[in-house]
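Please have a look at the sequence and the structure first.

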2 protein chains.
Amino acid sequence: MSSINVALLGFGTVGRGVYEIIEQEQKRLTEILGCSVNIVAILVDDETIERNVPSHILVTSSAHDVLTQPVDVVIEAIVGVEPAYTYLSQAIEKGCHIITANKEMFAHKGHELKQQAKERQVSVEYEATVAGGVPVINTLRQLVTVNRVVQIEAILNGTTNYILSEITNKQASFAEALQSAQQLGYAEADPTNDLKGYDALYKAIILAELLTGTKVYGNHVFREGIKSVIKADVIHQQLKGSRVKHIATLNFGQGQIDIRVEPKWITSEHPLYHVEGVDNAIVMTGDYVGRLKLEGPGAGQYPTASVMVEDLVKIFSRERKLVNN
Amino acid sequence: MSSINVALLGFGTVGRGVYEIIEQEQKRLTEILGCSVNIVAILVDDETIERNVPSHILVTSSAHDVLTQPVDVVIEAIVGVEPAYTYLSQAIEKGCHIITANKEMFAHKGHELKQQAKERQVSVEYEATVAGGVPVINTLRQLVTVNRVVQIEAILNGTTNYILSEITNKQASFAEALQSAQQLGYAEADPTNDLKGYDALYKAIILAELLTGTKVYGNHVFREGIKSVIKADVIHQQLKGSRVKHIATLNFGQGQIDIRVEPKWITSEHPLYHVEGVDNAIVMTGDYVGRLKLEGPGAGQYPTASVMVEDLVKIFSRERKLVNN
């Protein structure tokens, strides 16, 4: 392989971040992988917009044209289940590795993609789907080669954590906190997915499927958003030493798993108590290793794009059996 | 390869932990790796002590006898630079992969072992040398495939963090806190290495060598232990919102690195402020990903042994190009 050929599906914030990192870090990537990493095609919604990419890169709204290029790996950063799932399934069928940041799609179709990839002997990497730049997926995958994970507790949505932090620390009203989140770019114009807990639910499902190896359905998960949180309660409970956090809890029993995504009152002994603002954090308990906590940026262009390019390096290091001492 | 043959060097707390995990998790390891993992030899100090291991395992005080067995990987959990370094160097020369938990040795000779392993095309894994069960090494290795690490701040010694926590939270005297740490098994009978900051220094050097790829010498590191911390100051500063923590700081500039291991007064905004007791924590700042924090058990039999067996799985997954979707 004289070069690694990449197709990018989606050229929004994260897609462009991946493009920029690959271009800027070409020298480093070539050193590590022993060959260049070339973006050969980019799938966009609207090909009439000027993207400022070199003319040798195919920029098109035709997924067919992208996937008929000679591509080794497809990096996907679109929103929603379809058409992303269909494209990735087609890419796997062609023998491409895939890397995705699309949590909604992966919560619904991750199990199917993993099965299909196993048959075609290609890799599916999805670090960016859960907790943005925090390497939760790779840490868990490594952990479970030896440990049984007995519990996960996590703050998986930065928007709601920011809103709850604002209410708690600045006595903001819910509306003020939401508006502040939107002004800072932490919340979408339509924040329903975050506020109702769907975003955290998707991530909890992805973690549960990783840890059980089986398909997990959203309607088996208890889900409550943060709209039921009342400012007066937050202030009152704070005086008693409690804070409210929107927490995904996964409990693994004998062949059973219980998943809940809900606001919870916790005290300062709880490892998620001090997680503030848009940070994400995950506390994983393994039977040998005990309790590990990971915390960091749960979203953002470069944190998310960074772990996707790390996924790419991982796939091709493995392909070449590269050892990094 | 019909089985993976392991030699254990050292059968103290951590060595026995590795032995127990490999025995107890045989079924899982065989499933993941496609072959059994057999401990073929154990190097002990005193072979007259009954160890309760099956008779087909060679238990001996002769390193020569251990290393002339047909061994694929050597797992080392001895204390001190020598003879551990010589044994591992011999093992690499024979074409064995090595896994170590020996931070003093690896701080002094890690660079040489990595160079030698590169020439012999074997792996050196050392997750257990820094922060026990917290997967600092693998997280950093992955991170730097894309990011430049600009700073690390870390609590790398559980004993001193426990002592400082006791003084801060319970107004214990230094002597009381140390005694409590010893009673709980958190501190050695001779705690000099911890209290004077040598243990944290070793770990800081290992991180620095990982990140620079060059040899780092201990006398280039500013080191101060916790003996200069005075209880009256701790109580006084606490009223002003500051806590003292023993922190290793690595700053990476243009081709330069500044390493300090010292007590520091930090306020509640600092990401290490809430790290209490024997936990270790590391805050790493990458240019793309931003600030990540990892926290967990910095020592202990099973946390440390767990990451060593994970290292083993990693080596042989790579050997076999196993993909875990």
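Before that, a word on where the values come from. This is a predicted model, in which local features need pLDDT of at least 70 and side-chain atom pairs count only at pLDDT 80 or more, while totals for chains, interfaces and linings use all residues. Residues are numbered from 1 along each chain as its sequence is written, chains are lettered from A and ligands numbered from 1 in the order in which they are written, and side-chain values use heavy atoms, with hydrogens and water left out.

Let us begin with chain A. Its domain assignment gives domain 1, made of 3–132 + 302–319, and domain 2, which covers 136–298; such bounds come from an automatic or database domain assignment. Taken over C-alpha atoms, the centres of domain 1 of chain A and domain 2 of chain A are separated by 27 Å. The contact between them, where contact means heavy atoms within 4.5 Å, takes 21 residues from domain 1 of chain A and 19 residues from domain 2 of chain A.

How much area is buried between domain 1 and domain 2 of chain A? The value is about 1,700 Å², and carbon and sulfur atoms give 56% of that; buried area here is the accessible area (1.4 Å probe) that two parts lose on being put together, summed over both. On the side of domain 1 of chain A, the residues that lose the most area to domain 2 of chain A are A:His111, A:Glu127 and A:Val130, which together make up 31% of what that side buries.

Across this domain interface the rule finds three salt bridges, a salt bridge being a side-chain nitrogen of Lys or Arg within 4 Å of a carboxyl oxygen of Asp or Glu. A:Asp199 and A:Lys103 meet through their side chains in a salt bridge, at 3.4 Å from N to O.

Now to the two chains together. Chain B gives 51 residues to the contact and chain A gives 51 residues, and between them the chains bury about 4,300 Å², with 50% of it on carbon and sulfur atoms. The rule finds two salt bridges across the interface of chain B and chain A, and the side chains of A:Glu25 and B:Arg148 meet in a salt bridge of 2.7 Å, N to O.

Several elements give two or more residues to the side of chain B that touches chain A, among them helix H1 (13–24), helix H2 (26–33) and helix H12 (301–319) of chain B. Helices (H or I, at least four residues) and strands (E, at least two) are DSSP runs, numbered from the N terminus. The largest share of that side, ten residues, comes from H12(B).

The chains also meet through strands: strand S12 (residues 290–297) of chain A and S12(B) pair in the antiparallel sense over three bridges, and two strands count as paired if DSSP finds at least two bridges between them. Within this pair, A:Lys293 stands opposite B:Glu295 in S12(B).

Within chain A there is an open sheet of six strands with parallel pairing, in the order S3-S2-S1-S4-S5-S6. Why is one side of S3 and of S6 of chain A left without a neighbour in the sheet? Strand S3 (58–60) and S6 stand at the edges and have a single partner strand each, so one side of each has no neighbour there. Strand S1 (residues 3–9) and strand S4 (residues 73–76) of chain A run parallel and are joined by four bridges, with A:Ala7 opposite A:Val74 in S4(A).

Chain B has an open sheet of six strands in the order S3-S2-S1-S4-S5-S6, again with parallel pairing. Its edge strands are strand S3 (58–60) and strand S6 (124–125) of chain B, and each pairs on one side only.

Finally, the backbone. Most residues other than glycine have a negative phi, and most peptide bonds are trans. The peptide bond from A:Glu82 to A:Pro83, however, is cis, with omega near 10 degrees, and A:Pro83 lies in the loop between S4 and helix H4 (84–93) of chain A. In chain B, the bond from B:Glu82 to B:Pro83 is cis, with omega near 5 degrees. A:Gln121, which is not a glycine, has a positive phi of about 55 degrees, and A:Gln121 sits in the loop between H5 and S6 of chain A.
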